[in-house]
Amino acid sequence: MQHLSIVPFSSGCGALIDNLQLATCTDTEVDLLRQASSEFGVLFFRNQVLPPHEHLRFGRRFGNVVVNKFFQHLTEYPEIAEVRKEKQQETNIGGGWHTDHSYDDIPAMGSILVARQVPSRGGATHFANLYAAYDDLSDGLKKVLHSLTAIHSNDHLYGESGYYAKTDLANQLQGQDSVSEATHPVVIVHPRSGRKALYVNPAHTIGITGWSQEESRALLNYLYEHAAQSKYTCQFNWETDSVALWDNRCTWHFAQNDYHGEARLMHRLTIEGTRLVGV
Ligand code: SIN
C-alpha cells in the first residue's frame with residue numbers, strides 16, 4: 001500500500017505500521033489507515049508522540065467521536081475514556097472477548113487505544129479476526145446465519161445489578177441508568193471492505209432473535225469457540241506510547257488481566273459508525 005510499511009502482525013489478525021507518526025500524518029495516510037484497518041482488523045504502532053489533544057485531533061480525522069457512557073473520562077478531554085486498573089484492583093475493564101459498543105443501534109466504527117502506563121509484564125490485548133472466522137464456516141451454516149439477527153445489551157455488565165456493580169470497579173464506572181439494547185444481523189457486510197463478518201460477541205450478545213435461551217446459547221457458544229481459535233487471533237504486548245487502532249465491525253478484543261499488583265492505564269477514543277447491514 002503506497003509508501004506505508006504495513007506488515008501483517010500474525011497469520012490470523014492485525015498489521016504493524018512502523019514508519020508513521022500518527023500526530024503528523026497526511027490526509028492520504030489517514031485514508032490508507034482507514035482502508036488498512038478495515039482489511040487487517042487492527043493496526044499497531046509503537047513510540048507514538050500522541051498526547052491527549054493529539055489523540056483527539058487524530059481520532060476526529062476518522063469521524064465523530066462517541067463518548068462512552070460508562071467509563072471515566074479525562075476532565076479536560078471528555079471524549080477520551082480511561083481504561084484504568086489500579087494496582088490494588090482485581091477486576092479489569094474489557095477482560096472478556098467483546099466488540100466495543102455493539103449494544104448501540106449504530107455501533108462504533110473503530111477505537112483508538114493509547115498506552116499511557118503499562119505493567120512490567122502482562123496486560124496484553126488480544127484481537128480476533130471475524131472475517132476469517134466467518135469465511136471458514138460451512139456454506140450450510142453460513143446460509144442459516146445470513147437469515148438471523150441477534151440482540152446485544154450492556155445491562156448485564158454495566159446495569160445496576162450487572163457484573164461490574166459487584167466488583168471493585170463499581171465506583172469507577174458510571175451510567176448504570178443508561179443501559180441499552182440493539183439488534184443487528186449475525187453476519188454483516190462490512191460497510192467499507194464489502195466482506196462478510198460474524199457480528200456476535202461473548203460480552204454483549206444476549207440471544208438470537210426469536211430463539212430460546214438454550215437454542216441461542218448452543219449456537220452462540222459454537223460460534224464463540226470457533227472464532228476464538230488461535231488461528232484467527234493475535235496478542236499485542238503493550239509498551240508505553242504504543243497505539244492500537246481497530247475496526248469494531250470485523251474484530252473482537254479483550255484485555256488480559258494477568259498483572260495483579262501493578263497499574264495499567266489506557267486512553268480510548270471511539271469513533272462513530274453507521275447502521276449495520278446484513279447479507
Ligand atoms: C477495551 O476493551 O477497549 C480496552 C482494551 C484494553 O484495555 O486493552
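N47 is located in the loop that connects β3 (42-45) with α2 (52-60), where helices (H or I, at least four residues) and strands (E, at least two) are DSSP runs numbered from the N terminus. The structure is a predicted model, in which local features need pLDDT of at least 70 and side-chain atom pairs count only at pLDDT 80 or more, whereas totals for chains, interfaces and linings use all residues. Residues are numbered from 1 along each chain as its sequence is written, and side-chain values use heavy atoms, with hydrogens and water left out.

Although N47 is not a glycine, its phi is positive, at about 50 degrees. With a relative accessible area of 54%, N47 is exposed; here buried means under 20% relative accessible area, exposed over 50%, and partly exposed in between (1.4 Å probe, protein chains only). A positive phi, of about 75 degrees, is also found at D241, which is not a glycine. D241 belongs to the loop between β13 (233-236) and β14 (243-247). The relative accessibility of D241 is 30%, so this residue counts as partly exposed. A further loop residue, K87, lies between β5 and β6. K87 counts as exposed because its relative accessibility is 56%. From C-alpha to C-alpha, K87 and L130 are 33 Å apart in space, with a sequence separation of 43 residues.

Strand pairing was examined next, two strands being paired if DSSP finds at least two bridges between them. Strand β16 (residues 264-271) pairs with strand β4 (residues 65-66) in the antiparallel sense over two bridges. In this pairing, V65 stands opposite I271 of β16. Strand β5 (residues 81-85) runs antiparallel to β16 and is joined to it by five bridges, with H267 as the bridge partner of E82. Strand β6 (residues 110-117) is likewise antiparallel to β16, and seven bridges join the two. In that pairing, the bridge partner of V114 in β16 is H267.

In a regular strand the side chains alternate between the two faces of the sheet. Both faces of β16 are covered, with R264, M266, R268 and T270 buried on one side and L265, H267, L269 and I271 buried on the other. Eight of the eight residues of β16 are thus buried.

The ligand sits in the largest pocket. On a 1 Å grid over the protein atoms alone, a pocket is an open set of points with protein on both sides within 12 Å along at least five of seven lines, and a molecule sits in a pocket if more than half of its atoms lie within 2 Å of the grid points of that pocket. The residues surrounding the ligand are V83, G94, H98, D100, L113, T125, W246, H253, A255, R264, M266 and R268, a residue being near a molecule if one of its heavy atoms lies within 4 Å of it. Strands β15 (251-255) and β16 each supply at least two residues of this shell. The largest share, three residues, comes from β16.

Polar contacts, defined as pairs of N or O atoms within 3.5 Å, must within protein pair an atom able to donate a hydrogen with one able to accept it, and residues adjacent in sequence count only if both atoms are side-chain atoms. An oxygen atom of the ligand lies 2.5 Å from an N or O atom in the side chain of T125. For the side chain of H253, the distance from an N or O atom to an oxygen atom of the ligand is 3.1 Å. R268 places a polar side-chain atom 2.7 Å from an oxygen atom of the ligand. Taken alone, the ligand exposes 260 Å², of which the protein buries 100%; accessible areas come from the Shrake-Rupley method with a 1.4 Å probe, and for residues only the protein chains shown count as cover.

R268, which lies in β16, counts as buried because its relative accessibility is 6%. The side chain of R268 forms a polar contact of 3.1 Å with that of D100. A polar contact of 3.5 Å joins the R268 side chain to the side chain of H101.

Technical notes: 1 Å grid on protein atoms, 1.4 Å probe; cavity = no way out; pocket = protein on both sides within 12 Å on 5 of 7 lines; lining within 4 Å.
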